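Reader: I am new to this structure and would like to understand the terms used to describe it. Could you take me through them, setting each value against its definition?

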Amino acid sequence: MTHDLKKALTGISGILVTPYDAEGEIAPGKLAPVIDRTLEAGVHIPVVNGNTGEYYALTNEEACTMVREVAGMVNGRAPLLAGVGRGIRDACAVARASADAGADALMIHQPPDPFVSPRGTVDYVRAVRDASGGLPIMLYLRNDAMGPEGIARLCEIEGVMGVKWATPHPLNLARAISAAPDHIVWVGGLAEVWAPPLYAVGARGFTSGLINVWPERSVAIHAALDAGDYAQANRLIAGMRLFEDIRAEEHNGTNVTGVKAALMAIGQDCGATRPPSAWPLTERQQAALDQFIAENRLDQLSEEPA
């Protein structure tokens, strides 16, 4: 099946969790019902080995297994975006495996090395692209300190299709959009809550961890934003904001914890998280999450009305 990748990237990039079994080993098969529900709800592009997928807690072998297994479960129903990162050799190895698995594009995590240079990052992106055989590239920026010109140089690399902007600085995003080539797709990388202000300066589409639990709400928010109905989008966001507030606690250390705890609560257990992510939620956090799930009837896997 042929997909319009550029169009899909302006939709919802659904960041899938990485399931574990009772012994803490990856258990990809547990994702099957999650993937089916997200695609049936209309999520545009599933993402494997993202931050909600605990990419940095996985070994290279586990990351390669996850992209192979998820590609099989998606089975061409939507384009698949595969995360790669860490040291250059690790990133290239996972890039090759992702291409072999049938991923449609790579999402390159911003290098976390303490000695990152803008021109060194250009070399990094080119090497990862080449290792994949030339798959399209989405840059994942969680730090915009290199400035609009440095970001523009990355966007000029052949094969770079877009940027997932994951910093809470809309004006810096506007400057980067102005400096970069026109073909770049700018995606809001801070989930639903930050989608409206990032849309306002030119982003389109957004990343989401909520899709693992409530994809119908994410799709409704996206539809409202695409229609320019910010009032409706903000109303829908207000109804799911508690979920994101829980995920943002402990310096974002409960980000994945909140998603996996919610999955357990609705009967789709994908296991715990790995340290240094927090596990489990505190009693207060869990009580708030349980109330959120009950009020929205998510334990019944009910669909969000349009």
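Reader: What makes a set of residues here a nonpolar core, and which members of the largest one touch the most others?

Author: A nonpolar core is a set of buried Ala, Val, Leu, Ile, Met, Phe, Trp, Tyr and Cys residues joined through side-chain atoms within 4.5 Å, where buried means under 20% relative accessible area, exposed over 50%, and partly exposed in between, with a 1.4 Å probe and protein chains only. The largest such core has 86 residues, of which Leu 31, Val 70, Val 128, Trp 165, Trp 186 and Leu 289 touch the most other members. Its largest share, eight residues, comes from H3; helices here are DSSP runs (H or I, at least four residues), numbered from the N terminus. Apart from this core lies another, of 14 residues, including Leu 5 and Met 107.

This is a predicted model, in which local features need pLDDT of at least 70 and side-chain atom pairs count only at pLDDT 80 or more, while totals for chains, interfaces and linings use all residues. Residues are numbered from 1 along each chain as its sequence is written, and side-chain values use heavy atoms, with hydrogens and water left out.

Reader: Why are H2 and H3 called oblique?

Author: The axes of H2 (residues 32–41) and H3 (residues 60–74), lines fitted to C-alpha atoms over the stretch in contact, come within 10 Å and cross at roughly 50°, on a scale that runs from 0 to 180 degrees between N-to-C directions. Angles under 35 degrees count as roughly parallel, over 145 as roughly antiparallel, 65 to 115 as roughly perpendicular and the rest as oblique, and H2 and H3 are therefore oblique to each other. Ala 32, Ile 35 and Leu 39 in H2 meet Val 70, Met 73 and Val 74 in H3, where contact means heavy atoms within 4.5 Å.

Reader: How do you know whether H13 is enclosed by the rest of the structure?

Author: Eight of the eleven residues of H13 (residues 255–265) are buried, so this helix is largely enclosed by the rest of the structure. Among the buried residues are Val 256, Lys 260 and Leu 263, and what covers the buried residues of H13 includes H2, H11 (241–247) and H14 (283–295).

Terms used: Helix = DSSP H or I, 4+ residues; strand = E, 2+ residues; numbered from the N terminus.
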